[in-house]
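Welcome! Open your viewer, keep the selection tool at hand, and follow along stop by stop.

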Amino acid sequence: MAAAEEDVSAAFGAEPDPNLKRHPLALFFHLIFRVGAALTYLFCSIFSSSFIANFIAIVLLSAFDFWTVKNVTGRLLVGLRWWNKVDEDGQSQWVFESRKDGREPLASEKRIFWTSLVVTPIVWLFFVLSSLFRFNFNYLMAALVGLSFTGSNLYGYYRCAQGKTNFRSAATQFISRKVFEEAISSQLPQSSNASA
């Protein structure tokens with residue numbers, strides 16, 4: 001009887017392991033297509049001299065990433081989804097939904113989802129700019145495809161998370177907060193060194 005009480009009391013109120021992933025397969029596919037498309041863009045000319053084959057590989061991996069993030073990993077990892085539908089009048093309607101069952105996504109999965117969702121369009125923007133500066137217009141098209149897929153997912157999930165918040169004002173607030181935090185953090189080490 002005492003052993004049974006120990007087992008119950010040890011498990012009661014125990015927090016789940018923060019390193020535990022609820023959806024490891026979804027996390028894998030959330031990252032593999034993103035990383036695969038970017039690595040293919042970077043290193044495809046090493047493996048193939050055919051631009052057409054490289055372009056198709058980049059577009060396919062980007063499309064797989066777009067579909068996976070939009071239809072699977074967003075719903076599983078953060079409880080959000082979005083889509084576009086056309087009503088009877090032919091008008092395009094955007095639909096943004098969030099999970100209503102009250103289950104909170106794991107913080108680690110949420111962090112991985114949002115970090116990769118924000119970083120990937122920045123990487124593709126870098127690829128776009130580098131293609132422009134090198135006058136490599138073939139690979140510029142491939143980089144624009146990657147940027148459009150990842151950027152549209154970022155915008156869709158941002159709208160899901162924020163509701164009808166104005167994107168420009170939220171982005172301005174985010175950037176100004178980060179600049180302020182950076183200014184404060186750069187001053188802290190200097191002031192502690194000066195007092196030492």
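**Stop 1: the largest cavity.** H2, H3 and helix H5 (137–162) each give at least two residues to the lining of the largest cavity; helices here are DSSP runs (H or I) of at least four residues, numbered from the N terminus. Before selecting anything, note that this is a predicted model, in which local features need pLDDT of at least 70, side-chain atom pairs count only at pLDDT 80 or more, and totals for chains, interfaces and linings use all residues. Residues are numbered from 1 along each chain as its sequence is written, and side-chain values use heavy atoms, with hydrogens and water left out.

Now select Phe33, Arg34, Ala37, Ser62, Asp65, Trp124, Phe149 and Thr150, which line the largest cavity. On a 1 Å grid over the protein atoms alone, a cavity is a set of points where a 1.4 Å probe fits but cannot get out, and lining residues have an atom within 4 Å of a point. The volume of the largest cavity, about 30 Å³, is the space filled by probe spheres set on the points, which are joined across faces, edges and corners. H2 provides the largest share of this lining, three residues.

**Stop 2: H2 against H3.** Select residues 24–47 for H2 and 51–78 for H3: their axes come within 8 Å and cross at roughly 160 degrees. Axes are lines fitted to C-alpha atoms, for helices over the stretch in contact, and angles run from 0 to 180 degrees between N-to-C directions. That angle makes H2 roughly antiparallel to H3, a label for angles over 145 degrees. Colour the contact (heavy atoms within 4.5 Å): among the residues that meet are Phe29, Phe33 and Tyr41 from H2, and Ile58, Leu61 and Phe64 from H3.

**Stop 3: H4 against H5.** Next, select residues 107–133 for helix H4, which packs with H5 at an angle of about 150 degrees, the axes being 8 Å apart. H4 and H5 are therefore roughly antiparallel to each other. How do the residues of this contact divide by class? They comprise 21 nonpolar, six polar and no charged. Ala, Val, Leu, Ile, Met, Phe, Trp, Tyr, Cys and Pro count as nonpolar, Asp, Glu, Lys and Arg as charged, and the others, Gly among them, as polar.

**Stop 4: the second largest pocket.** Finally, select Val78, Leu80, Glu104, Pro105 and Lys110, which lie nearest the centre of this pocket among its twelve lining residues. A pocket is an open set with protein on both sides within 12 Å along at least five of seven lines. About 170 Å³ of space lies here, and the lining has five nonpolar, three polar and four charged residues.

How values were computed: Parallel < 35°, antiparallel > 145°, perpendicular 65-115°, else oblique.
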